[in-house]
Structure formats: structure tokens, C-alpha cells
Amino acid sequence: MKNHPLMRFGAITILLFGITVVSSSAAAPQSDTSNQPNLSVTAGQSGNAPAVPAQTTASDSQAPTVITLQDALQRARKLDTTYRTALTAAGVAREDHVQARAALLPSLLYNNQYLYTQGISLPVATTADTRYIANNGVHEYISQGNAHEVVSGAQFADFNRTTAAAAAARANAEVAARGLVATVVKTYYAEVIARRKYANAQLAADEAKGFFELTQKLEQGGEVAHSDVIKAELTANDAQRVLRDAQLEMDKSHLELAVLVFPNFNQNFSTVDDLALPPPLPPMQEVEQQAKTKNPELYAAMQGARAAELEVLASKAGYLPTLTLDYFYGIDANHFATYTPSAEGRIHNLGYSASATLSIPIWNWGATQSKVRQSELRREQAQVELSAAQRKLIADLKSFYAEAEGAKIQVDVLRQSADLAAESVRLTKLRYQAGEATALEVVDAQNSLVTARNNYDDGEARYRLAIANLQTLTGVF
């Protein structure tokens, strides 16, 4: 029991120390994290890249929207003016075809008309006696249905022309859709590559800073000259400048993608880096076959030439007669009634009539001949455009396939170069610490590493864009 006072003194000391710690921690100000950068890591970044700051604004309070390439394509289809214009043109051409088909079919109208003609002022005059013989009586009521049909060679030719024009418009809409895919792929992966290059610039800046600190330590130990410290510091300053430029380029590419895919210019989004999963490249024979059967530009040119040929037929049909058929049923009488009272009894007013008119063109001051000449000029132009589309398809197919094949081969080489450059930096730094390499060799190895990583990232994006350009000719494969 001799230790009781000592134990009591120790317990009191611990209690007072605990109260002091709690009070100081309660009084300490809370750290403000509102201005801290929000770091997000995206899968697929090259190397052990550090986190890239997400593109958010101060007013953004929600988590950023994550969009994939397919999401970007779906959003862009709703906003791109060129694509929407092509869709509108296709819809208008389709309605033109519907109207041309309706012109071939009989139409049904119901006419209601009242006619008044000045009568003869005689006591014995009837409702049919008129001073001015323009109608069938002083009072004439017409209420009848009319079945109307026009038979013309120009209408049949115009119907076929609108069929070809609608097909060409649909093909042009497909051309616009595939062109939009290439645009979205280019903009989407430009944003992804900009983030990668920013990460590479961060790594380079950290590497340069670490080498600068290493030279300072070695200088203090008398192992290296002060010139090595100066060279390392210059390299670190350049790395910081490159980092700021990479930040600017990343922000710029982020804004360009936001304009393309968001109607309300939302900048609070992030993209998925899927460059590590490139699509395969089919053999050349398969690509050629798809281009022959699924190329919308060639199909649009073919349908345009067909429409121009049918337009020539439609204009030449202006020399042919036109047959108009009409059938009327209803009331055409002096009383608006189904029956008219008379001395002999009631007379039925309901009746029918039919007429057939053959209109033969004789002379219109050369208007029909001028229309024929116009359509022939358009036909010649359509044939030239078709020939140009065929030649362009062959050239573009070979060029785009060669670009995709070369980009695919280069991706593997660039990946190997990036790995070798990283190993070169590690070995050169070890040699420098052992006094077997110069500071210039270390700086060159670091610069080569950044260049190799950026080239590898550009190579992956180049292959994706090459595939997208090739698919504008062949469709998705």
C-alpha cells in the first residue's frame, strides 16, 4: 500500500494531459477542403500515372457524369446540326415520295356551292329563266362528291424519281451519321489523350524534381559539380512549364467534348479510357467486300444518277397528252333539296355525271424543251459525280486501310519503346549515383521517357481514329 500516493499522482497527471489534448483539438480550426482539387483515377492510363484532376467547376456539387464512347455518340446524334440536317432532308424526301404516290391515286372531294344569276323580270318567268346564261338558273345549288383522277406519264416518272431521291437522301443521312462517328471518336480520344499527357507531364515533373534534389545532396557530399545542379534545376523548370501547357490542353479538349455532347454545356463529366481494348482489323478482302455493298456515298451517288435519269423521263412526258377523269354525284339543282315539287310530282335532284378530258399539248413557247434540257444537264452532272464517287471510294479504302494497318503495327512498337525508356531512366540514374553517368545522360533519358509515353498514347488514339475513318466506308465490322 506504499505505492498508493504515487499511483494517485500518476493517474491525476494522465487525466490532466488528456483534458489538455481534447481541449486543444477542439479549439483547432477544421481544415478547409472546399478548394482542394478533386482527384479522379481513370482506368487505362499509361504507366503508373498519378491521378488527374477532374474537370469540375466551383459550382458543381454533384459527382461528375461518367460517359463512354457510346454515350458520347448517342448524345452527339441529338445535337449535331449536320447530322440533324441530313435526317431532315431524308424525311422531306420520304414525304415527297408519299405525295408523288398519292398523285397517282384517285382523289375524292365534296363540293358545296351556291350560284346566283340575274333572272328575267317577267310574270311568267321560272327559276330556270335567266338574263345572263352563265348557270342553270337564277338559283343553283351544288352539293356533290367528286372522284378525280389524272393519268399522266410525268406523274409515273416523278413517282419513280422520288423513290430514287428518297433512297439517296437516306444514304446521305447514313454518310452524315458515319462522319459524326469519326468526329466524336476524334474529339473523345483527344480528351482522353490530353489527360494521359497531363499525367505523363506530372510524372516528368516529379522525376525532374527528384533528380534536382538528388544532385543537391550529391553536391553537398562533394560527389558532383555544381553544374549538375544547374542542369537539373533547368530541367525541373522546363518540366513545370510543360505541365502547365498540358493542363491547358486538357482543359481545352474537355471543353470541346462538352460542346459536342451536352446541350447545356455541362463540364462536370469524365470519360472512360478504353484505349487498351482496341477493335480488331479485318482482312483487306473482307473490308473491300463490305465497302462494295455497304458504302453509303457510292449508293447515294448511284441513286442520284437514277433520279436524274428519271427526271429526264418526267420532263419528256410533258410532250404527251394528259387524261383527266371526273365522276360527280350529288345535287346540282335550283333547290337545295333531294326532291323538287312540280305539277307532275316530285323530281329527284340527286344524280351523277362523268367527264373525260384529254389534254394535248400543242405549244408553250419551248418551256417543255427547256425543262428537258435542264434535266439532261443534271443527268450529266450526276454521272460525273457517280464516277468520282467510285474512284474516291477505291482510293480512300486503300488509304484508310493502310493507315489503320500501320497504326496497329506502331502501337506494339511504341509500347515497347515506352517500357524501354522507363528502364533506361532507372538504369541511368543508378549509373549516375555510382558516378558512371553524367547529368546530361539522365536528363536525356527522362526526356526520352516522356516522349515515348506521349508517342504511345498518340499511337493508340491514331489507331482508333483510323478504324473510325475506315468504318465510314464499310460500316461497323
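Q: Is serine 424 buried, partly exposed or exposed, and what value places it there?
A: In this predicted model, serine 424 is found in helix H8, which covers residues 367–433. A residue counts as buried under 20% relative accessible area and as exposed over 50%. Serine 424 falls in between and is therefore partly exposed, with a relative accessible area of 31%.

Q: How are helices H5 and H9 oriented to one another?
A: Helix H5 (residues 226–261) and helix H9 (residues 439–474) pack with their axes 9 Å apart, at an angle of about 15°. Because angles under 35 degrees count as roughly parallel, the orientation of H5 to H9 is roughly parallel.

Q: Which helices does the salt bridge between aspartate 457 and arginine 196 tie together?
A: The closest N and O atoms of aspartate 457 and arginine 196 are 2.8 Å apart, and both residues are buried. The pair ties together parts that are 261 residues apart in sequence, so the helices concerned are H9, for aspartate 457, and H4, for arginine 196.

Q: Which helices hold glutamate 207 and lysine 429?
A: Glutamate 207 forms a salt bridge with lysine 429, with the closest N and O atoms 3.0 Å apart. Although the two lie 222 residues apart in sequence, this pair ties their parts together, glutamate 207 being in helix H4 and lysine 429 in helix H8.

How values were computed. Residues numbered from 1 in each chain as written. Predicted model: local features only at pLDDT ≥ 70, side-chain atom pairs only at ≥ 80, totals over all residues. Heavy atoms only, no water. Axes fitted to C-alpha atoms, helices over the stretch in contact; angles between N-to-C directions. Helix = DSSP H or I, 4+ residues; strand = E, 2+ residues; numbered from the N terminus. Parallel < 35°, antiparallel > 145°, perpendicular 65-115°, else oblique. Buried < 20%, exposed > 50% of the residue type's maximum accessible area, 1.4 Å probe, protein only. Salt bridge = Lys/Arg side-chain N within 4 Å of Asp/Glu carboxyl O.
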